[in-house]
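Please look over the structure shown below before reading on. The report that follows starts from a single residue and then widens to its surroundings and to the chains.

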Amino acid sequence: MNEMPNFEQAKTMTESKISAKKVQVYYGDTHAIKDVDIEIQPRSVTAFIGPSGCGKSTFLRTLNRMNDTIDICRVEGSIKIDGENIYDPKVDPVQLRAKVGMVFQKPNPFPKSIYDNIAYGPRIHGLARSKSELDEIVASSLQKAGLWEEVKNRLDEPGTGMSGGQQQRLCIARAIAVSPEVILMDEPCSALDPIATAKVEELIDELRENFTIVIVTHSMQQAARVSQRTAFFHLGILVEEGLTQDIFTNPKDKRTQDYITGRFG
Amino acid sequence: MSLPYILIALLVLAAAGYIVGRGKALSSAGGDSRELHSLPGYYGWNVVVSILVPALLLLIAWLIIQPIVLDSQVSSKISEETIAASSLDLVMSDVVRVAEGLDLAVSKGAMSADTASSIRIELTDVRSRLGEIGVALGSEVTAETLRAAQTYRSISGTGLLLRSIVVLAAGLIGFAVAVLRTNKDFRARNVVETVVRYILIAAASIAILTTVGIVLSLIFNTVEFFRLYPAADFFFGLTWSPSFGGGSELGIVPLIWATMYISLIALAVAVPIGLFAAIYLSEYATPHVRAVAKPLLEILAGIPTIVYGLFALLTVGPLLMNLFGSGGALGVSWMSGASSVFTAGAVMGIMLIPFVSSLSDDIINAVPQAMRDGSLGLGATHSETVKQVILPAALPGIVGAILLAASRAIGETMIVVLGAGAAARLSMNPLEAMTTVTAKIVSQLTGDNDFASPEALVAFALGMTLFVVTLGLNIFALYIVRKYREQYD
């Protein structure tokens, strides 16, 4: 752990969970993210909004080094989680991703049973010492994801046979099962209908109690409904970041105002 | 008018039809193509298909029917005694040969057309006159053969003339009808697209009908074989020792055993190597390596199997002899000759590597990136992701690939002939020479055999057995692939 305290930051806000400084991301020759500085608060929901191609998803993926899987992608600057730089060569990206879970745009359950989908992470990381412990992890993850009542009698059916909304909540349960501290969500509701979306949003609100959540969304209403803080990205730049109600009612930047009033994007 | 000229005439007619049809459609719309139902070209093509489709169908029908009619007309002129002396087929082939000789003589100017149709055996030595222009006849031409040949010529001449007239008339009628129907509201595009659909259907049915034809030809001979040789002895006999003098034992068991044994060894070589190569290429290799390595691996698939056979015979066999043969490096004498089940199996396995790897590679690549992301996002390593998510998701496809490779192995011939030996034997030792069903089909049908003997007909029964086994494997492979294909989306 990096023990160097950041006094300036400590004065202005509570200890942040994620602290990004001067982050640059390049895809080959394209400079996709420019000079992003952001502090993300623990046990709260932070929303990234912005028009398509503004870099919000790219930035989200730097937070658990998912961009490592893309050959031509290069990240500069520092991103600290709990004070530890995640781009330090000593950090194992695989361990990092266990701590910073991710939920994707399209529900992507594995072609396995519901039970095996949830048990996948705990098995890989050796979190359960016995079958009964594993059963417990599966049950509690499904409970936290609000899916237990719907699936408790069909845990051995394939996860791919569920409805889209259920699949997405299954993916959230799968992420919870490895007890991460941070959950990144990349437009988790864009493939869902309004009813399923409402359920997932309700779930995100409940999860805030135990997890730090960062969500990328195209829907400004969704950002307003679920998040405490909002960051607006435009053309790879973090334009404005602040409390959600401030961003939506009293934006400081002209571009933010134009975007939330629907003038572009 | 001979066939090429008819075809050329039809094509010229069709080209003219295209121009006329297109022109008429345009002029009916006052030169404004926006007024037309379809693009102007469709009206042209509509005329083309109206000319070609009926004309060509008639032509094909004529080509099939005329020889049948001709045959029955001419053969009715041949007396019973002549047929009894040899056979109808032989007499008819003589007749056709004389008729063709006369045709050639006329076209070379050695005989006038009148002479050809009126010469009599009593007046001219037909055999020597035809011999002068290079048509050799096996026996003296009898008066009856000559008369039949002349009838043959006259009927076929009339037939050819009629054929030209009928086919060209059909083309012209099609032309006229299509042009008359052409006006700006005529739905030419729909007509052309219907015709295209039928052409596609025809192409697909040719492939299917060929399969049916192959099966039928096998079935007739197989049934014939089982009339001569008891089926139980064939399917359960443990000895294979055909002798053309009679008293053969034609048990399929040693052959099936060797076929399965060699295929198993081949798969044991090909499946792990091919699968691991596919995983490396699709999951770990950089794009540069992949761009070079994949085509190189697929070159293996392009090598003719006879070359693999030589490799087995000249390299792998002696190498195994040096290891396992008497006086070999291991000091055991398990192997008595370079040909063995293991030699053939190993080389066949090498042949199958690109099969397994190429198909598996495509299948692994088809697993959605979302699966990989999902697993990596949970903190799984790359190899955990491959082992626990990608391979299970790709498994049905991989099983399909393996089964296709298996049916390829079962049907393989040349590697077996050169690598495994020719002795039919029932043994567990993989270093002994054995031989497979396919290799025996070759040896039973090559050489001067009596085609009516069970020793030759057994080849069809063997082929049928093989066909059923590989067909079953292929159907099973397709079933597996289909059943699990929609597991991920």
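Leaving aside neighbours within four places in sequence, A:Gln166 is in contact with A:Leu147, A:Glu150 and A:Arg154. This is a predicted model, and the positions described here should be read as such. A:Gln166 belongs to helix α7 of chain A, which covers residues 164–176, and it counts as buried because its relative accessibility is 13%, where buried means under 20%.

Another residue of helix α7 in chain A is A:Cys171, which counts as buried because its relative accessibility is 3%. When residues up to four places away in sequence are not counted, A:Cys171 touches A:Val103, A:Pro107, A:Asn108 and A:Pro109. A:Ala139, which is 32 residues from A:Cys171 along the chain, has its C-alpha atom 14 Å from that of A:Cys171.

The largest nonpolar core has 61 residues, and those with the most contacts inside it are A:Leu142, A:Ile172, A:Met185, A:Ile204, A:Leu207 and A:Ile213. For A:Ile213, the residues touched, not counting those up to four places away in sequence, include A:Ser44, A:Val45 and A:Thr46 as well as A:Ile183, A:Met185, A:Ile204, A:Leu207 and A:Arg208.

**Strands and turns of chain A**

| Strand | Partner strand | Bridges | A facing pair |
|---|---|---|---|
| β1(A), residues 18–27 | β4(A), residues 73–81 | eight bridges | A:Val25 and A:Val75 |
| β4(A) | β5(A), residues 84–85 | two bridges | A:Lys80 and A:Asn85 |
| β9(A), residues 229–234 | β10(A), residues 237–243 | six bridges | A:Phe233 and A:Leu238 |

With β5(A) it forms a hairpin that has two residues between the strands, and A:Asp82 lies in the turn. The phi of A:Asp82 is near 50 degrees, a positive value in a residue other than glycine. With a relative accessibility of 25%, A:Asp82 counts as partly exposed.

The hairpin of β9(A) and β10(A) likewise has two residues between its strands, and there A:Leu235 takes a positive phi near 55 degrees.

A positive phi is also found at A:Arg65, another residue other than glycine, where the value is near 55 degrees. A:Arg65 lies in the loop between α2, which covers residues 56–62, and β4 of chain A. Is A:Arg65 buried or exposed? A:Arg65 is buried, because its relative accessible area is 12%, and buried means under 20%.

**Chain B as a whole**

Chain B has a secondary structure of 18 helices and two strands. Its C-alpha trace spans about 85 × 75 × 40 Å along the principal axes. The radius of gyration of chain B is 32 Å, whereas a compact globule of 489 residues would have one near 23 Å.

Of the 489 residues in chain B, 42% are buried. The accessible surface of chain B comes to about 24800 Å², and carbon and sulfur atoms account for 68% of that area. When contacts in chain B between residues at least 6 apart in sequence are considered, 71% of them join residues at least 24 apart.

B:Val126 is found in helix α6 of chain B, which covers residues 126–132, and it is buried because its relative accessible area is 1%. B:Val126 and B:Ile6, which are 120 residues apart in sequence, lie 33 Å apart in space from C-alpha to C-alpha.

**Confidence in chain A**

How far can the coordinates of chain A be trusted? Chain A averages a pLDDT of 89, and 94% of its residues score at least 70. Over residues 1–12 of chain A, however, pLDDT stays under 50, and for this stretch the model has seven contacts beyond four places in sequence. Where pLDDT is low, the predicted coordinates should not be read in detail.

Key: Residues are numbered from 1 along each chain as its sequence is written. Chains are lettered from A and ligands numbered from 1 in the order in which they are written. This is a predicted model: local features need pLDDT of at least 70, side-chain atom pairs count only at pLDDT 80 or more; totals for chains, interfaces and linings use all residues. Side-chain values use heavy atoms; hydrogens and water are left out. pLDDT is the predictor's confidence in each residue, from 0 to 100. Contact means heavy atoms within 4.5 Å. Two strands pair if DSSP finds at least two bridges between them. Helices (H or I, at least four residues) and strands (E, at least two) are DSSP runs, numbered from the N terminus. The radius of gyration is taken over C-alpha atoms; the globule rule is 2.2 Å times the number of residues to the power 0.38. Buried means under 20% relative accessible area, exposed over 50%, partly exposed in between (1.4 Å probe, protein chains only). Accessible areas come from the Shrake-Rupley method with a 1.4 Å probe; for residues, only the protein chains shown count as cover. A nonpolar core is a set of buried Ala, Val, Leu, Ile, Met, Phe, Trp, Tyr and Cys residues joined through side-chain atoms within 4.5 Å.
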